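Please walk me through this model, from the overall layout of the chain down to its aromatic contacts.

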Amino acid sequence: MVRVISLAVLGQAVTAFNTPRGLHLSRAMPARSAPVMQASPPPVIEKMANSSIAIKVTVSADDTLMSFERAAEHFAKGVEIRGFRKGSKIPTQVVVGQVGSEAVKSKAISDLSDRAIAAISAQGTVSLIGQSQLDGGEDAIIDRYNPGSDLEFSIKCDVWPDLTWTGAVEDVPPLEVMQEPVDAVKVDAALMKLRERYLVSKPAAAEYAAKLGDAVFGNMVGYFVAADGTKGEPLPGVASGDDVEIVLEAGKFMPGLVEGLEGAKAGDLKEIRVSFPGKVSRNLGEELAGKAALFEVSCKEVRTRELPELNDEFADSIRPGLTYQGLYDEVRKAVGEEGDKRNQEARNSAIEAELVKLVECEVPETLIEQNAKEKFAEMMADQRNSGMTDEELKKLITKEGFEKYKKVATVNIIKKFSASMAIDDLARREGLGADPTMVEDQLQLMKAQADQAGEGDQFDEQRTKASLEATLKRDAVMDWLASKIEIAFKDAPKGP
């Protein structure tokens, strides 16, 4: 999980780019008590560049007066004016004299804008996003606003972009993708670990003295060491046993036990003094931690342990029917799994780059701004997690710093968004998507990991689920595209 920056720094990041006067939420709806403008024509949409529109609003003389009076009534409910009871009807001019003509006009313009936006939204021809902006600014409209006279103004809004395909998937030329080769040294190391896990043990000769790497089989009884150093009470049964195998590997047991059995022969009785580690753990209870102990080990047999040969017999001992080639392929795949993920992402990036060439999509400023802010915040969080102090971050989180970052990031944001639109469109057309069972399984795993890390209270299940669904849907589309495009993988050159 990505750790968030401290609240103080996040607050600065959020407020550094406040919305200026004259911007209104495009999805704002008029109050229920707002009257419908009967005398004014409906607003008109005019398409503009970069997936934006201008909403042309014409307000009749009757409606400018009505809106002004309604705005005054709004203020009248919240002010106390001498000579009038609270809640009583107060003449418009009295309210204007109290709060000012500009404030009343601003409220009326806001209401008129909200009604126009609501009317456009209700048509369903475009999907408004982000914030709306009064063309020329609110002050200029206030200057032109005379209650009882016609008024015209324009509202700029971004809309959800359309996607146009200019080519087909079949038009994508053969791709060459550099892949990360599997490290042969790591494969050999993994096979060695398997051989060590499946060591072949053989009975040693009667006079054979056990050495490191061998195993001693016998009965082991443990005792506490009394205060005078003699054998005391028996240890709990968990520390003793019959026919136990003690592998003579340094560090495998408590210090002293393995060393005490070096040189043991079949038939020997060894008395070994040890001390249990002082720290309580899952495998060591409080009754044993830090205690001195004495073990009597009756050695029945010594066995030598040898590394098995890498062949079909060894593979079959791991899983019946498994051949050595099958074992090697499985180990190689497991070792290369992390590299495979990077190789798959390299493949997906190459496909995305070609996909963008097949579509046209005008990305509105609202989405560019939103994506840039999210990525800027992620970058600041990374800086914080890498050790940068809040004071140092505050110097970076400025309007100028953000605008500089946005300028650099815009090209990549547009490409990524266009690719995302194309992927979503292909998913709809081809019926591709995330497997709900897989989403739920991964969601529960991530939730458990967050709880285990003590970050369960920060886990946003709804947002994480949406992100998982988007990621798995992208993977499904990318796999589908990979089946339609000729892709050749080439090993990347190794570094020095």
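**From outline to aromatic pairs**

Of the 496 residues in the chain, 32% count as buried. Keep in mind that this is a predicted model.

Start with the outline. The chain holds 15 helices and 15 strands. Its radius of gyration is 38 Å, well over the 23 Å that the globule rule gives for 496 residues, so the chain is more spread out than a compact globule. The C-alpha trace spans about 115 × 65 × 40 Å along its principal axes.

Now look at contacts and surface. Among contacts with a separation of 6 or more, 75% are between residues 24 or more positions apart. The accessible surface is about 29500 Å², and carbon and sulfur atoms account for 51% of it. The chain carries 62 positive and 81 negative charges, whose mean positions lie 4 Å apart.

Next, the rings. The whole structure contains seven aromatic pairs. One of them joins F276 and F295. Their ring centres are 6.3 Å apart and their planes meet at 70 degrees, so this pair is edge-to-face. F276 sits in the loop between β12 (269–275) and β13 (292–306), and F295 in strand β13, so the pair ties together parts 19 residues apart in sequence. F276 is buried, at 8% relative accessible area. F295 is buried too, at 2%.

A second example is F376 with Y405, a tilted pair with 5.6 Å between centres and 55 degrees between planes. F376 belongs to helix α11 (residues 365–385) and Y405 to helix α13 (residues 399–430), so this pair links distant parts of the chain, 29 residues apart. F376 is buried, with a relative accessible area of 5%. F376 and Y405 also form one aromatic cluster with F402.

Methods: Residues are numbered from 1 along each chain as its sequence is written. This is a predicted model: local features need pLDDT of at least 70, side-chain atom pairs count only at pLDDT 80 or more; totals for chains, interfaces and linings use all residues. Side-chain values use heavy atoms; hydrogens and water are left out. Helices (H or I, at least four residues) and strands (E, at least two) are DSSP runs, numbered from the N terminus. The radius of gyration is taken over C-alpha atoms; the globule rule is 2.2 Å times the number of residues to the power 0.38. Buried means under 20% relative accessible area, exposed over 50%, partly exposed in between (1.4 Å probe, protein chains only). Contact means heavy atoms within 4.5 Å. Accessible areas come from the Shrake-Rupley method with a 1.4 Å probe; for residues, only the protein chains shown count as cover. Lys and Arg count as positive and Asp and Glu as negative; His and the chain ends are not counted. The place of a charge is taken as NZ of Lys, CZ of Arg, CG of Asp or CD of Glu. Rings of Phe, Tyr and Trp (its six-membered ring) pair if their centres lie within 6.5 Å; planes under 30 degrees apart count as stacked, over 60 as edge-to-face and the rest as tilted.
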